[in-house]
Every structure is written in structure tokens, then in C-alpha cells.
Amino acid sequence: MTIAFPGLLLDVPVTAVRNLGILAHVDAGKTTVTERILFLTGEVHKRGEVHDGTTVTDFDSQERDRGITIFAAAVSCGWRGHRLNLIDTPGHVDFADEVERSLRVLDGAVAVFDAVAGVEPQSESVWRQADRYGVPRLAFVNKLDRAGADLDAAVASIRERLGVVPLVVQLPIGAEDGFTGVVDLVRMRALVWPDGSERCVEGPVPPELAEEARRRRRRLEEAVSELHPLALEEFCAGAALRDATLVRALRDLTLAGEGVVVLCGAAYRNRGIEPLLDAVTAYLPSPLDVPPVRGTYDGAQRVRAADPAEPFAGLVFKVTTGGRGRLTSVRVYSGSLRKGDVVLDAGTGRAERVGRVLRVQADRQEEVEQAVAGDIVAVIGLKAARTGTTLCAPGAPLVLEPPSAAEPVVSVAVEARRSVDTDRLASALARSVEEDPSLAVRTDPETGQTVLSGMGELHLEVAVEKIRRATGLEIAVGRPQVTYREALVRGLTGLVHRHVKQDGGAGQFAHLVLDVEPLPGAGEPGAEHFAFGSTVVGGRVPREYVQAVEAGCRDALAEGPLGHPVTGVRVTLTDGATHPKDSSELAFRTAGRLALREALRACTTALLEPVVEVAVTVPEDAVGGVLGDLAARRGRITGSTARAGTAVVTATVPLAELFGYATRLRSRTQGRGTFTARPTGYAPAPAPR
């Protein structure tokens with residue numbers, strides 16, 4: 001079926017589909033790269049510009065006002081017989097969960113780096129996110145037309161900071177303002193973009209670069225041969241690798257994650273995009289190149305191949321409310337999905353009917369007859385599906401692993417200025433949490449205030465402003481507050497807790513003996529939050545009651561002795577007893593909750609606060625003032641480097657001390673200073689004042 005999106009190929013085999021994301025640090029140019037891709041593939045007929053607010057993927061009014069990507073946006077286009085499904089992801093750390101949810105459903109990615117700055121803090125964060133999901137990547141070093149651009153320095157930072165083997169396949173022609181094209185080291189040709197031209201011109205390698213190109217081609221062959229057996233065999237047998245062998249080896253190394261193909265260009269001036277598209281189709285995987293998706297159901301492992309003939313299975317990775325109603329974005333892993341199909345929500349067991357299937361182009365949608373394995377589409381008609389929900393054929397259920405969600409670290413109190421608008425605000429907040437699972441809403445038990453929590457000041461500011469614009473409500477917002485944690489410092493052993501309750505009906509009885517001890521690395525990224533085990537023997541506590549005790553212990557971690565969530569706790573059930581009539585799962589869950597609360601009051605806990613790594617870029621003459629200001633904010637300086645007339649200071653700073661820092665930094669540096677931050681976990685905090 002042909003639809004109204006120009007240039008989009010629909011009837012292509014699964015092998016010709018590429019599902020990829022564009023990843024980068026904020027301002028590295030990923031949205032501009034996406035816009036140039038859409039322009040070159042014929043999807044749009046005018047190049048959109050971030051600074052003009054005319055981009056396709058940054059279509060939200062806040063994105064255009066702020067000049068940054070806030071929400072992940074999906075687009076599709078065709079390139080030389082392939083269909084590319086792209087997701088342009090945010091670069092700001094406050095929206096890292098948007099990246100996380102996108103990476104969960106992508107097969108490959110293009111990581112965009114600034115040719116001047118190299119690997120920046122958020123570049124490293126999104127790279128690690130892609131590592132967790134095993135997503136193969138290409139690297140595109142952008143902005144080679146900027147003053148101070150240096151491809152070799154950027155590649156060195158990729159090698160050192162990301163710990164990967166960069167395989168550079170291009171050599172720039174010209175530098176900074178004189179950057180006009182690249183030498184393709186794989187096919188030993190020059191690709192030049194004359195001034196005013198929107199297409200590259202292919203030609204021979206310029207004579208002045210011929211020797212350098214041969215040297216770099218040889219270096220590329222050596223690097224590939226060290227990693228790829230077939231390339232090594234050919235390299236040892238002859239004088240050089242054939243082009244076909246090199247291409248195959250680069251693809252194999254990319255898919256295996258053993259090397260990263262590096263390309264370069266200047267997206268704003270439309271230079272380097274065609275070879276990037278060729279690299280995407282040549283080196284990144286199709287849905288058939290990645291392992292079949294695995295899920296579970298009733299404790300059994302189940303596998304689905306990317307085959308339209310298999311039973312349907314898909315994962316919901318985004319829910320939005322738009323002009324057409326509730327849009328549920330789905331990655332189809334197997335089978336097919338058609339209008340009118342009944343699908344099963346594998347988590348809840350609820351069946352829902354598909355109203356319509358839409359091909360998404362950022363804020364535009366076009367109805368299609370069906371989606372097949374490998375597709376990314378939006379569905380209308382699903383009322384209860386949430387982010388992370390597995391949809392499947394009713395006769396072949398399975399549950400796929402959902403994307404992980406980070407815990408909110410900043411909170412603000414929100415309320416409607418008019419009491420009559422309270423219910424409308426509550427509904428809008430619930431809708432916001434449904435669309436963005438990294439937000440959380442709760443009611444403060446002491447003050448009765450509604451508290452909105454998120455990943456940072458900007459995250460909460462955007463969420464509140466979105467509600468204001470959508471509903472027209474007048475909303476009062478309190479001062480930001482960080483979310484503290486409590487960590488166990490010293491535990492105890494042999495805590496005996498006996499839960500007995502009689503209220504006229506069936507009683508409750510549970511007898512527990514617990515050991516409670518701290519887990520190592522509490523608060524550090526990736527550290528274990530809670531561990532539970534049982535050493536009870538002889539069936540003194542049945543298995544279902546042991547699980548109930550664990551659930552009760554998890555309930556108790558929601559609030560510790562100091563009033564904050566508790567992390568870094570290991571609980572071991574060492575003994576217990578039951579009553580033949582009064583014991584139940586409810587009784588043991590209640591006992592587990594009360595027992596751990598009692599244990600935490602008897603243990604020693606420490607207050608932890610969220611900390612972030614900041615990278616502050618300032619003129620060299622402002623470094624002293626910046627260092628003093630960071631020290632006053634309890635910052636710990638970790639490094640300082642000079643870069644193109646500026647200094648980059650890195651430090652670890654408590655998040656609570658960074659509220660309002662952007663304004664302070666601008667005033668200290670006459671508007672020339674900037675900073676970025678990324679979470680690094682939790683650290684011991686001073687007692688709250």
C-alpha cells in the first residue's frame with residue numbers, strides 16, 4: 001500500500017529495514033543530522049533549522065522555544081532500496097529516560113559527536129545506555145567546519161573515554177571553514193560538496209592527500225585485521241585487503257560490538273550525510289541480524305523470530321495524547337498487526353482491540369493496513385496499555401523485558417491556583433505520568449500537597465509548562481527539593497518478630513527471624529538496591545509465605561527512620577513459624593513489613609543525597625571564579641583541561657547545590673559560560689537544615 005509520505009519505501013523485505021536512533025550530547029547536532037537525512041531522502045523538500053524552529057522532529061512548541069530536543073520523535077524515510085525508521089532522541093540529561101525507552105526497541109544507532117568537544121558527559125551516558133541493550137553503533141563526528149575542529153582529537157576521546165576501537169573510514173578534505181568533503185578510505189575516492197550544492201560530487205583522491213589517504217587506509221586495514229579472522233587471513237596473504245572484504249569485516253565488527261565505524265562531516269552545511277546513510281545501510285543490522293526476541297510466560301522462556309508468519313508480539317515504548325487521541329507507539333518484533341485485531345496485554349491478561357495502525361512521521365501520522373515484524377508504528381484504540389507493556393497474540397502469550405526507569409531525584413509541590421481546578425490538575429498530572437514514566441506524583445502525608453518528582457529542574461519545568469499549555473490552568477509551583485535516600489551502615493542479626501492479630505474473624509499469625517545487613521556500594525550507579533534470601537529449612541515457612549515476607553520487606557523500604565526511601569539492604573529470613581489456621585500470605589507480608597521497619601529503627605542508617613558530575617566550559621580568565629563557586633557548593637574538582645581558548649572544569653557536586661547555577665554561571669562569565677551535568681549516584685549528605 002502506498003501512503004502520502006514521499007520517499008518512504010513500504011514494500012521492502014525485513015532485511016532492508018533499519019531501526020536506528022540518533023544519540024548525542026546536547027547541541028552536538030543530532031536533530032540537524034536527522035533533518036538533513038529527511039531532506040536528502042526526499043521526505044521533506046525544505047531543510048528545517050533548529051534555530052528557526054522549523055525542524056520536523058522538534059515539533060513540540062517547547063522544543064522550538066528552547067531550541068533543544070525534549071521528546072523522542074520517530075520518522076521514516078527511504079534510501080537506496082532500504083527503509084529507515086529513525087528516532088531522534090533528547091541529548092539533555094534530564095530526559096535520559098526518553099533515550100532509554102527508545103534504545104530498548106532499536107536495532108542500531110548513530111552516535112553524533114562534536115568535532116571540537118569530542119566525547120562530552122552526556123555522550124558517555126547515552127553510549128553506556130546503548131551498551132546495556134547491546135545496540136550496535138556508528139560514530140559521526142559532526143561540525144568539522146567549526147573553528148578548532150579536530151577529527152583525530154575527537155577519535156582519541158572516543159577511544160579513551162568510551163573504551164572502544166574506533167575504525168576511521170574517512171579523511172577530511174580541508175579544515176574548519178575550508179572543510180569541503182571527505183576521502184572515502186574504503187573505496188579510495190573523494191566525496192566533495194561544492195558551495196551551494198546539496199549533493200556530493202565523486203572524484204579521485206586529491207593529489208596532496210593521496211599519501212595521507214594511503215597511510216590511513218593501511219592503518220584501517222591493520223586495525224580491522226587484528227579483530228577479524230577473515231580479514232587477517234587475507235591481510236597476511238596479500239599486500240592489502242579487497243574493498244569487499246573490508247566492508248564485510250566492518251559490518252561484522254559493528255554487529256559484534258568489537259569496533260565502531262567512524263565517519264565525519266558538517267550536517268549544518270549538508271556535508272557528509274550521504275556517506276553516513278550508505279554506512280547505516282551497509283553496517284547497521286536489520287531486524288533479522290539481531291537475535292530473536294526472548295520473553296517469558298508462566299515461568300517458561302519463549303522466543304519470537306522477526307518473521308511475519310510468527311505469532312504477533314510487540315512492545316509499547318511510548319504513550320502520547322495527541323489530536324487523534326491516545327497514541328500507543330509499538331515496536332513489532334514478530335508476526336503482523338492489523339486494524340481490528342484483538343491483542344493481549346500479557347502483563348494484565350486484558351484483551352484490547354486495535355482501532356487503527358499508523359505510520360508516524362513526528363507529529364504527522366498516516367494510516368496503514370498492517371505492520372509487520374521489524375516495524376515501528378503507532379496504534380489507536382488501546383485504552384490500558386502503558387509504556388513497557390507487551391502486546392501479543394491471545395493464543396501465544398509472552399512477556400518481554402520492559403525498558404528500565406530511573407528513580408526521580410528532584411521534586412516540586414504543585415497546586416492549582418483556583419480550588420475549582422484541583423481535579424483538572426490531578427487528571428493532567430496522571431496523564432503526564434502515563435506519557436512519561438520517569439515522572440512520579442504523590443501526596444505528601446504531612447502537608448497534603450501534591451508533589452511532582454522527576455529527573456531534574458528542566459524536566460519538571462517542561463512537564464508543568466506542558467500541562468499549562470495543554471489545559472490553560474494556572475499552576476503554582478514550589479521550590480525544587482532533592483530526593484534523599486537512606487543507606488544502612490550497620491545491621492543486626494536474629495531479630496525476632498511475632499505478628500498476632502485477632503479481631504473476631506479469621507486471625508493473623510506470622511513468626512519471623514531476620515538478619516539485616518548493608519549491601520556494598522549503596523547509592524553508587526548499578527549497585528544493588530535490595531537483596532532477599534531465605535535459609536529456612538524443614539518447611540517451617542512455606543515457599544509462598546517466604547515470597548510474602550519479601551514483598552513486605554520491599555514495602556518497608558519506601559520510608560526509613562529518617563523519612564526517606566531506604567537503599568542498600570540485604571535481608572535473610574533465618575527461621576519462622578506458622579499457625580495451621582491463622583497464617584496466610586497477608587499475615588506474613590504484614591509481618592515482613594513491620595519486622596523490617598523495627599529492624600531499621602534499631603540499625604544505623606546514613607542520609608544520602610544525589611550527586612552529579614558537572615562539566616563547566618568557561619573562558620580561561622573566568623576559571624578562578626568558577627572554581628571558587630564550585631567549592632562553595634561543596635563541589636569536588638576532578639579535572640581541568642584547556643580547549644580552543646576555553647577551559648573545561650569537571651567536578652562532582654551535590655544536586656541540591658546546583659539549583660539556580662545556570663543563572664549564577666552566566667552572571668560570573670558575562671553569559672559566556674555553559675555547563676552540563678549527569679547523575680553519578682548518591683553520596684553521604686549533611687543533616688538537613
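Reply: The second largest pocket has a volume of about 1,600 Å³, counted as the space filled by probe spheres set on grid points that are joined across faces, edges and corners. A pocket here is an open set of points on a 1 Å grid over the protein atoms alone, with protein on both sides within 12 Å along at least five of seven lines, and lining residues have an atom within 4 Å of a point. Of the 43 residues lining this pocket, the closest to its centre are Arg442, Val482, Thr483, Tyr484 and His564. Strands S25 (410-416), S26 (440-443), S27 (450-454) and S29 (481-482) each give two or more residues to the lining, with S26 giving the largest share, four residues. Strands are DSSP runs of E with at least two residues, helices are runs of H or I with at least four, and both are numbered from the N terminus.

One thing to keep in mind is that this is a predicted model, where local features need pLDDT of at least 70, side-chain atom pairs count only at pLDDT 80 or more, and totals for chains, interfaces and linings use all residues. Residues are numbered from 1 along each chain as its sequence is written, and side-chain values use heavy atoms, with hydrogens and water left out.

The structure holds one cavity of 30 Å³ or more, and a cavity is a set of points where a 1.4 Å probe fits but cannot get out. Its lining is made by Leu23, Ala24, His25, Ala111, Val112, Phe113, Ser123, Val126 and Trp127. Strand S1 (17-24), S4 and helix H4 (121-133) each supply two or more of the lining residues.

That brings us to the sheet that holds S1 and S4. Seven strands form an open sheet in the order S2-S3-S1-S4-S5-S11-S6, with mixed pairing; two strands pair if DSSP finds at least two bridges between them. Strand S2 (73-79) and S6 are the edge strands, each pairing on one side only. From one strand to the next, the twist averages 30°. S4 and strand S5 (residues 137-142) pair in the parallel sense over six bridges, and Ala109 stands opposite Arg137 in S5.

Let's zoom in on Gly108, which is found in strand S4 (residues 108-114). Gly108 counts as buried because its relative accessibility is 2%, and buried means under 20% relative accessible area with a 1.4 Å probe, protein chains only. Leu20 is 88 residues away from Gly108 along the chain, yet their C-alpha atoms are separated by 4.6 Å. Leaving out residues up to four places away in sequence, Gly108 touches Asn19, Leu20, Gly21, Val135, Pro136, Leu284 and Pro285, where contact means heavy atoms within 4.5 Å.

Helix H1 (residues 30-40) lies across S1, S2, strand S3 (82-88), S4 and S5, and runs at about 40° to S2. Helix H5 lies across S4, S5, S6 and strand S11 (260-264), at about 160° to S6. These angles run from 0 to 180 degrees between N-to-C directions, with axes fitted to C-alpha atoms, for helices over the stretch in contact.

Definitions and conventions. Buried < 20%, exposed > 50% of the residue type's maximum accessible area, 1.4 Å probe, protein only.
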